[in-house]
Amino acid sequence: DSTGQGIIVMNAELSTWKYTDVSNLSAPQHQEWQPTGVITFYRSPLNMANVRLAALDGEDGLNVLNTTVSLKNVRFETMPSDALDIDFSTGQLEGLQFQGSGNDALDISGSRLHIKTISVTDAGDKALSVGERSRVFADQITVRDATIAVATKDSSLIDISLSLIHI
């Protein structure tokens, strides 16, 4: 009913989410501390497969920080700001779909990632933003209707192959 205040996992063992549907949550608020992610994994490895995340109302729908991440067949729908924010992490992303991000679909900072088969439709700002010395290897990226398809900054490197961009 949109009153839920998100999920935070900190300093935990591996979390595995399979065949899960999460929608209509807002970012957690706890006194002076307000994380940017509606769903946040901090120093907690994450494996997600066959998951749908929709209408997560916060600065970041899913925020992964300082850990390893494996996302496979995850769908991000109707996010008012960034859909997926990965900070200072390593991992693999495959088969992700982004539909209707208010800001960036995928925002990467200080991370090392391998990305394969990603589809972005209707991103309000960037489909893929890479910064803070990140190293990203991307294959089979499809972008439709984004203000900016790919942005890289802060001595980051992105290697993209076999991709299709319609702006």
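**A chain built of strands**

A compact globule of 167 residues would have a radius of gyration near 15 Å, and the protein chain has 15 Å, so the two agree. That radius is taken over C-alpha atoms, and the globule rule is 2.2 Å times the number of residues to the power 0.38. This is a predicted model: local features need pLDDT of at least 70, side-chain atom pairs count only at pLDDT 80 or more, and totals for chains, interfaces and linings use all residues. Residues are numbered from 1 along each chain as its sequence is written, and side-chain values use heavy atoms, with hydrogens and water left out.

Start with the overall form. Along its principal axes, the C-alpha trace spans about 40 × 30 × 30 Å. The protein chain has zero helices and 13 strands. Here helices (H or I, at least four residues) and strands (E, at least two) are DSSP runs, numbered from the N terminus. Read from that end, the elements run β-β-β-β-β-β-β-β-β-β-β-β-β.

Next, the surface and the interior. The accessible surface of the protein chain comes to about 8,000 Å², and 46% of that surface belongs to carbon and sulfur atoms. Areas come from the Shrake-Rupley method with a 1.4 Å probe; for residues, only the protein chains shown count as cover. Of the 167 residues, 46% count as buried. Buried means under 20% relative accessible area, exposed over 50%, and partly exposed in between (1.4 Å probe, protein chains only). Contacts also reach along the sequence. Among those between residues at least 6 apart, 29% join residues at least 24 apart. A contact means heavy atoms within 4.5 Å.

Now the aromatic rings. The whole structure holds two aromatic pairs. Trp 17 and Phe 41 have ring centres 5.8 Å apart and planes at 70 degrees, so this pair is edge-to-face. The pair links distant parts of the chain: Trp 17 lies in strand E2 (residues 15-23) and Phe 41 in strand E3 (residues 37-42), 24 residues apart. Trp 17 is buried because its relative accessible area is 14%. Phe 41 is buried too, at 0%. Phe 76 and Phe 98 form a stacked pair, with 4.7 Å from centre to centre and 10 degrees between the planes. This pair also links distant parts of the chain: Phe 76 sits in strand E6 (residues 68-79) and Phe 98 in strand E8 (residues 90-101), 22 residues apart. Both Phe 76 and Phe 98 are buried. For such pairs, rings of Phe, Tyr and Trp (its six-membered ring) must have centres within 6.5 Å; planes under 30 degrees apart count as stacked, over 60 as edge-to-face and the rest as tilted.

Asn 63 is in strand E5 (residues 60-65). Its relative accessibility is 4%, so Asn 63 counts as buried. Its side chain makes a polar contact with the side chain of Thr 36, at 3.1 Å. A polar contact is a pair of N or O atoms within 3.5 Å; within protein, one must be able to donate a hydrogen and the other to accept it, and residues adjacent in sequence count only if both atoms are side-chain atoms.

At 5% relative accessibility, Ser 101 counts as buried. Its C-alpha atom is separated by 9.4 Å from that of Leu 84, 17 residues apart along the chain. Beyond four places in sequence, Ser 101 contacts Met 79, Ser 81, Ala 83, Asp 122, Ala 123 and Gly 124. Ser 109 is in strand E9 (residues 106-109). It counts as buried at 10% relative accessibility. With neighbours within four places left aside, its contacts are Ile 86, Asp 87, Phe 88, Gly 131, Glu 132 and Ser 134.

Strands E10 (residues 112-131) and E11 (residues 135-152) pair in the parallel sense over 14 bridges. Two strands pair if DSSP finds at least two bridges between them. Ser 119 stands opposite Thr 142 in E11. E11 also pairs in the parallel sense with strand E12 (residues 157-161), over five bridges. There, Asp 139 stands opposite Ser 161 in E12. Three bridges join E11 to strand E13 (residues 164-166), and these strands run parallel. Val 143 has Ile 165 in E13 as its bridge partner.
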